Amino acid sequence: MESTSQLVPFPLLLNTNYKASTIPWRFPSDDPHVTTPTELSWINLLLNLIPSYKKRAESDTSVPDAANKAEKFAQRYAEILENFKKDPSSQGGPPDILFLCKLREQVLRELGFRDIFKKVKDEENAKAISLFENVVRLNDAIEDEGKRLENLVRGIFAGNIFDLGSAQLAEVFSKDGMSFLGTCENLVPRPWVIDDLDTCKMKWSKKSWKKVIIFVDNSGADIILGILPFARELLRRGSQVVLAANDLPSINDVTYSELIEIISTLKDEEGCLMGVSTSNLLIANSGNDLPIIDLTRVSQELAYLANDADLVILEGMGRGIETNLYAQFKCDSLKIAMVKHPEVAEFLGSRLYDCVIKYDSV
């Protein structure tokens with residue numbers, strides 16, 4: 001199943017030379033038939049994720065004969081990746097992260113798997129919803145605006161660790177789960193690898209953003225305990241907020257339809273999130289079906305809503321680092337994510353689980 005809506009360029013992109021790729025996998029001088037060290041490391045990363053995907057697929061009760069089909073997925077996708085290791089031009093050209101992720105989703109869908117992480121997403125959403133009120137009250141109790149913003153940002157980082165696209169984190173979740181508040185307290189200390197938090201605090205104090213587009217990432221603690229308290233604070237300060245979520249499922253990313261359901265559950269009878277009106281909160285279908293995003297291909301709905309925005313936020317490693325860390329916009333932009341792959345840490349010269357908050361002002 002693939003999105004049938006027509007996709008268009010995101011209207012706030014500034015540079016015409018935009019490419020949805022932050023980390024260069026190869027250079028023009030590289031032999032097109034020889035895998036580069038960077039290509040090899042990323043292909044191996046995707047190979048290492050196959051067992052966790054297979055395990056989720058095996059337990060998908062919505063698919064008949066799921067165990068056998070999960071084995072077929074593992075074999076087919078591993079074969080594709082191994083072929084790329086032998087010759088990166090074997091599928092018509094050198095691979096990139098967009099292409100390899102799209103192939104993975106394609107193999108799953110061809111075998112009948114639409115959303116193999118649905119069960120764990122539902123479980124994590126339920127846990128996070130039960131904690132939402134307490135997290136919001138703790139934020140509201142912070143009187144200093146700058147300190148409250150920092151606490152909200154730390155909540156986004158802590159929530160973003162719920163990422164089943166990381167082999168190490170998938171293993172931890174499968175065994176023990178994670179504590180949101182404990183993660184907040186145990187983030188790597190500042191300064192982070194890219195740390196524009198103090199600049200954000202200065203801009204935040206001016207209350208200057210009228211309309212904010214947020215490209216959201218994962219289900220569970222990420223969206224419910226990280227992004228939604230942050231979005232609620234923007235609403236309270238008078239901003240209109242558009243949350244842009246995936247059209248179709250991919251890993252444990254929250255989808256457009258799931259996000260509508262989550263917010264409906266959290267709102268009270270007056271349509272408020274813990275006393276803050278949601279009349280200026282919009283949920284948009286981004287048109288995306290991957291854990292990363294190419295901003296030359298978004299839904300017409302999102303493109304229309306984004307035209308008059310004055311802040312764009314890309315949250316999560318896939319959207320905010322791997323594909324758009326250096327993307328430039330016609331308005332202010334913020335990339336915010338936790339570093340969860342050793343390959344990304346190596347590129348940034350950072351620690352694993354380091355934090356990125358990159359703010360670009362126009």
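**Entry 1: Lys335**

I looked up Lys335 and found it in strand β10, residues 332–338 (a strand is a DSSP run of E with at least two residues, numbered from the N terminus). The model is predicted, with local features needing pLDDT of at least 70 and side-chain atom pairs pLDDT 80 or more, while totals for chains, interfaces and linings use all residues. Residues are numbered from 1 along each chain as its sequence is written, and side-chain values use heavy atoms, without hydrogens and water.

Is Lys335 buried or exposed? I noted Lys335 as buried because its relative accessibility is 1% (buried means under 20% relative accessible area, with a 1.4 Å probe and protein chains only).

I then checked the side chain of Lys335. One of its polar atoms lies 2.7 Å from the backbone oxygen of Ala327, and a polar atom lies 3.5 Å from the backbone oxygen of Asn324.

**Entry 2: the second largest cavity**

I counted 6 cavities of 30 Å³ or more (a cavity is a set of points on a 1 Å grid over the protein atoms alone where a 1.4 Å probe fits but cannot get out). The second largest cavity holds about 80 Å³ of space (a volume is the space filled by probe spheres set on the points).

Which helix gives the most to its lining? I found that helix α3, residues 97–110, does so with 3 residues (a helix is a DSSP run of H or I with at least four residues). The lining residues, which have an atom within 4 Å of a point, include Tyr53, Glu105 and Pro249.

Conventions: Buried < 20%, exposed > 50% of the residue type's maximum accessible area, 1.4 Å probe, protein only. Polar contact = N/O pair within 3.5 Å; in protein donor to acceptor, adjacent residues only side chain to side chain. 1 Å grid on protein atoms, 1.4 Å probe; cavity = no way out; pocket = protein on both sides within 12 Å on 5 of 7 lines; lining within 4 Å.
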